[in-house]
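Me: Hi! Could you walk me through this model?
Reply: Happy to, here it comes.

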Amino acid sequence: MTDPISSETHGDIRIIWSDNPPVNAISAAVRQGLVREIEAAESDDAVNAVVIACKGRTFFAGADITEFGKPPIMPWLPEVVDRIEACTKPVVAAIHGTALGGGCEIALGCHYRVALPSAKMGFPEVNLGLLPGAGGTQRAPRVGGVELALQMATTGKPISAQQAYDHGLVDRLIEGDLLQHAVAFAEEVKDIRPLPKSSERQDKVDGVDPSVFEDYKKANAKLFRGDIAPQANLDCIKAATEMPYDKGVMVERTKFMELMSGPQARARQYFFFAERKAAKIDGVDESVEPREIKRVGVIGAGTMGGGISMNFLSAGIPVTIVEMNQDALDRGTGIMLKNYQSTAKKGRMTEEQVGQAMGLLKPSLNFEDLGECDLIIEAVYENMDVKKEIFTRLDGIAKPGAILASNTSYLDVNEIASVTSRPQDVLGLHFFSPANIMKLLEVVRGDKTADDVLVTAMALAKKIRKVAVVAGVCYGFIGNRMLIPRQLQAEKLLLEGATPEQVDRVHVAFGMPMGPFQMADLAGVDIGWHRDPSRIDSIRDALCAIDRWGQKKGAGFYDYDENRRPSPSEKVQAIIDDFAAKKGVEKRDISDQEIVERTLYTMVNEGAKILEEGKAQRASDVDVVWVYGYGWPVYRGGPMHWADAEGLDKIVEGLKRQESRLGEDWSYSQLLLDKAEAGEKFTR
Ligand code: T1G
């Protein structure tokens, strides 16, 4: 293993280099090398100042997460940062790329910081269920002020070099060659004493009104719901305003260790790698090249078609969008423009960028225009006959090598592919609504889908900033298939005595953004409805039959006021009671735990079936789908990681407890039973 740390000398300035691709993670070797080189520079009389810089694409991007959970290797990072700060000669951090976590802390341990304008600094530890554990919660407020430190540490969002400079976290922004200017800066400051030590600064932490912290928490309440790390970060920064550095840093260490040993940090660190693993396709050689996608065709300018198109337009990829009539086309493109303009109004894109994006859009009523596209995505009515008719036409129009994708959310992609002469070029691209916002993309691999088509889809997903997960062909793929048992049990629970509010409350308390019935009302109670008001086989049918299709109709499982605020509906309760009476279902008290077991444990069982049928590549992919597609709380890692944390034996026990109520179609996943029996886990 080559030593990632080296040094060179320019005149009387020592440069300490880190070269630890891909992101200069601060591994044990990096930590050991930094201490070695700082001590060497300090004892070398020919050296009057030091620059710490990184090769490759970024300054240190943080501690090496792969070391977490393993026996610590000395020196640990706090010691390294303190050693840099204690150096008797000035140390300058030369920052490019993303100085994150421990990388930001190393920079703060330096006496000075210079950065490229394109650089970013941040404390993403909170996204790992942690806090900056190498003095960052004490140094950042001392150098950048309490407000900035709170924002960085509790949100995990990086700040620009300009913002860092404006708040004093960076001493100079460098236009041009970073190293050359960093050495020049070191020359300028080499004789200045006393050395500016972040840990000794008090001006920005003395006399801070404690109400700042309560106010911040009130203004950012969402951050503090569920996740425990944001509060710990706030507490440490508050400590920086109440006690000297050496006491505050003990508070930081105590809280860091508490978080590190807790289930939320474990879940978030698991998820960090789960998300990256999802991008890998088992069994496809890394050498398989993606096809070039210069123009995308979208069939259907409805909510999905418009949202899907926006993803490509925003990534600078031209789109030809096709509709059946001018009204539908105008309505669809109008909504796309309105969405862009509201984004621009929020300052998240400029008017010019709106113009650029819309300038790449080619609306058309002519199906033949799709002949110029390299990827064509069908986003029309969820009906197999309609889709088959479209793919039959596409087969005759699309150019050779064009990829033909369906945005279907449930239907059989193999059956759709079977009407074409090119099933190897067909797959599913299941976007989640709203398609221009939701990050999840299920890439549905047909039996005949070619490897390079799959590789193209995964590469394109990254380009349009989606988190893609490969799914096999089955009804509902991964996410929606696991919704089925959840919704089935949720509706059965209503007949047995639970209310929509109770079921939803249990799910929101668990950490979901909304419960099954709130979600049904938002997405549309009529999704998948057979449209026959005379046929009433379920509570859903009964609601659809009287136009209670959800928020869009002002009523669904809940009543809604003009601001779409939900309230329990007596009418719905009457429908439920009537239905229960007709079915002869006895009402009884339902415990919250029963709701968890019948809706969440059955989801885990379905996830296990998806795995045993090979419809997901790995358990962590199932978790990525549920976090990004449905808002499963990351601090619980995802359904399969959560099940592991609960204990699979406990999951099986719970299901057995509920078995008599789960319905005649209920069956156990053999994989779940086997793993529970063997004391194994899904996600380790
Ligand atoms: N440790 C180990 N590996 C890492 C890593 C890290 N910190 N960051 C990235 N990688 C790997 C990643 O798994 C992937 O590997 C490859 O690098 C490229 O990453 C004490 C405790 C820097 C913005 O949380 O946010 O410091 O899949 O695909 O999209 O206070 O990586 O190729 O095998 O994400 O260009 C705090 C985490 C740590 C930053 C680049 N730091 N990383 O994004 O590439 S905790 C973080 C990122 C800490 C101290 C505390 C991103 C990135 P592979 P990538 P990218």
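Reply: Domain bounds here come from an automatic or database domain assignment. This is a predicted model, so local features need pLDDT of at least 70 and side-chain atom pairs count only at pLDDT 80 or more, while totals for chains, interfaces and linings use all residues. Residues are numbered from 1 along each chain as its sequence is written, and side-chain values use heavy atoms, with hydrogens and water left out.

Me: Thanks! Which domains does the assignment give?
Reply: The assignment gives domain 1 (5–261), domain 2 (296–475) and domain 3 (498–583). The C-alpha centres of domain 2 and domain 3 lie 31 Å apart.

Me: Switching to helices: is helix H3 mostly covered or mostly open?
Reply: Helix H3 (residues 102–109) is mostly covered, with eight of its eight residues buried. Among them are Cys104, Glu105 and Leu108. Buried means under 20% relative accessible area, exposed over 50%, and partly exposed in between (1.4 Å probe, protein chains only). Helices (H or I, at least four residues) and strands (E, at least two) are DSSP runs, numbered from the N terminus.

Me: Nice. Which residues form the nonpolar patch on the surface?
Reply: Met74, Trp76 and Met257 form that patch, with about 310 Å² of accessible area together. Patch residues have over 30% relative accessible area and no salt bridge; like charges are joined within 9 Å, and nonpolar side chains (Val, Leu, Ile, Met, Phe, Trp, Tyr) within 5 Å. A salt bridge is a side-chain nitrogen of Lys or Arg within 4 Å of a carboxyl oxygen of Asp or Glu.

Me: And where is Met74?
Reply: Met74 sits in the loop between strand E3 (49–54) and helix H2 (77–85). Met74 counts as partly exposed because its relative accessibility is 47%.

Me: What about a negative patch, who is in it?
Reply: Glu147, Asp209, Glu214 and Asp215 form a negative surface patch. Glu214 belongs to helix H8 (residues 211–219) and is partly exposed, at a relative accessible area of 46%.

Me: New topic: which peptide bonds are cis?
Reply: The bond from Pro21 to Pro22 is cis, with omega near 5°; Pro22 lies in the loop between strand E2 (13–18) and helix H1 (28–43). Another cis bond joins Arg193 and Pro194, with omega about 0°.

Me: Last one: what is the phi of Arg531?
Reply: Phi of Arg531 is near 70°, a positive value in a residue other than glycine. Most residues other than glycine have a negative phi. Arg531 is in the loop between helix H20 (516–523) and helix H21 (539–545).

Terms used. Areas by Shrake-Rupley, 256 points an atom, 1.4 Å probe, with all protein chains shown as cover. Lys, Arg positive; Asp, Glu negative; His and termini not counted. Charge placed at Lys NZ, Arg CZ, Asp CG, Glu CD.
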